[in-house]
Amino acid sequence: MLEMFEYAFMQRAFLVGILLAIIIPLIGVIVVLKRLSMIGDALSHTSLAGVALGLLLGIDPIVGAVVVCVVAAFSIEAIRKKIPRYAEISISIIMSVGIGLASVLTGFIDDGAAFNSFLFGSIVAISDTEVLLVLIVTVIVVATFLLLYKELMFITFDEQGAVLAGLPVKKINFIITLLTAITVSVAARSVGALIVSSLMVIPVACAMQVANSYKKTVIYSVLFAVLFTVVGLVLSYYFNLKPGGTIVLTGVIVLIPLMVIRRK
């Protein structure tokens, strides 16, 4: 089984996969508990518009994805504040814009293979530069989550109460929105834009079946995500499967019996 680690691309795949498995659930816990789980789906689809734009302009597609995702994330937040009773509408609007824009822009791209690599990811083909980028983002996300742990917990469960308590809710929401956009756009290159949202939700859903506190939900979410990533990469290597899809399906296979057991 250890023979796979003789290859540099598998070493990079496991390193990046585990790093993403740590930060994506951290963002996912906040998003899911705020009942905005579809935001990952909206941003991941919108990131494709950024990828297409980057390819058309001759710049790094990841840079294009980051810029477009950041704009989309803040647009969702702005619309959500305008109509707080129907927050999910903001997600649908931005996702529709992202999908439409990506669809139009891809018609002008000559290198379809480069764009397609972002759809389902290419974790075994990432470069050393992309590994470094993921590492930097991981450090920033983990450090921010730990520094703002109590504030994030308060805002997640009672945003109005946090405002009345004097917490800088707007600033914290700004930071989390920015980190969510960057995390989704960076992860899209590795695991695929169409799969990122699943990795943001499924580990958290599994953790919620066994955890009885916010802290345990966070810890179990990361552990589940790491488990799914490792198992998914091993299965994809030996059975010649797509890594991103295999990781997600591994999570689903674990989630279903957990939900059945808890219900009984």
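This is a predicted model: local features need pLDDT of at least 70, side-chain atom pairs count only at pLDDT 80 or more; totals for chains, interfaces and linings use all residues.
Student: Is L53 buried, partly exposed or exposed, and what is its relative accessible area?
Tutor: Buried requires under 20% relative accessible area and exposed requires over 50%, with partly exposed in between. L53 therefore counts as partly exposed, its relative accessible area being 33%.

Student: Which residues does L20 touch, not counting residues up to four places away in sequence?
Tutor: L20 is one of the residues with the most contacts inside the largest nonpolar core. When residues up to four places away in sequence are not counted, L20 touches P25, V134, A187, S190 and V191.

Student: What separates the C-alpha atoms of I27 and V184?
Tutor: I27 lies in helix 1 and is buried, at a relative accessible area of 3%. Leaving aside neighbours within four places in sequence, I27 is in contact with V141, L179, T180, T183 and M200. V184 is 157 residues from I27 along the chain, and the separation of their C-alpha atoms is 9.5 Å.

Student: Which residue has its backbone nitrogen 3.0 Å from a polar atom of the side chain of E130?
Tutor: E130 is part of helix 6 (residues 128–147) and counts as buried, with 17% relative accessibility. Its contacts, apart from neighbours within four places in sequence, are I62 and R189. The backbone nitrogen that lies 3.0 Å from a polar atom of the E130 side chain belongs to S127.

Student: How many residues apart in sequence are the parts tied together by the pair D128 and R12?
Tutor: The side chains of D128 and R12 meet in a salt bridge, at 3.7 Å from N to O. D128 lies in helix 6 and R12 in helix 1, so the pair ties together parts whose separation in sequence is 116 residues.

Student: Which relative accessible areas do D128 and R12 have?
Tutor: The cut-offs are under 20% for buried and over 50% for exposed, with partly exposed in between. D128 is exposed at 56%, whereas R12 counts as partly exposed at 24%.

Student: Where do K34 and E159 lie?
Tutor: The count of salt bridges comes to two, and one of them joins the side chains of K34 and E159 at 3.7 Å, N to O. K34 is partly exposed, with a relative accessible area of 21%, and E159 is partly exposed at 22%. The pair links distant parts of the chain, 125 residues apart: K34 is in the loop between helix 1 and helix 2, and E159 is in helix 8.

Student: Is A165 buried or exposed?
Tutor: A165 lies in the loop between helix 8 (159–164) and helix 9 (169–191). Its C-alpha atom is separated by 9.7 Å from that of F154, 11 residues apart along the chain. The cut-off for exposed is over 50% relative accessible area; at 51% relative accessibility, A165 therefore counts as exposed.

Methods: Residues are numbered from 1 along each chain as its sequence is written. Side-chain values use heavy atoms; hydrogens and water are left out. Buried means under 20% relative accessible area, exposed over 50%, partly exposed in between (1.4 Å probe, protein chains only). A nonpolar core is a set of buried Ala, Val, Leu, Ile, Met, Phe, Trp, Tyr and Cys residues joined through side-chain atoms within 4.5 Å. Contact means heavy atoms within 4.5 Å. Helices (H or I, at least four residues) and strands (E, at least two) are DSSP runs, numbered from the N terminus. A polar contact is a pair of N or O atoms within 3.5 Å; within protein, one must be able to donate a hydrogen and the other to accept it, and residues adjacent in sequence count only if both atoms are side-chain atoms. A salt bridge is a side-chain nitrogen of Lys or Arg within 4 Å of a carboxyl oxygen of Asp or Glu.
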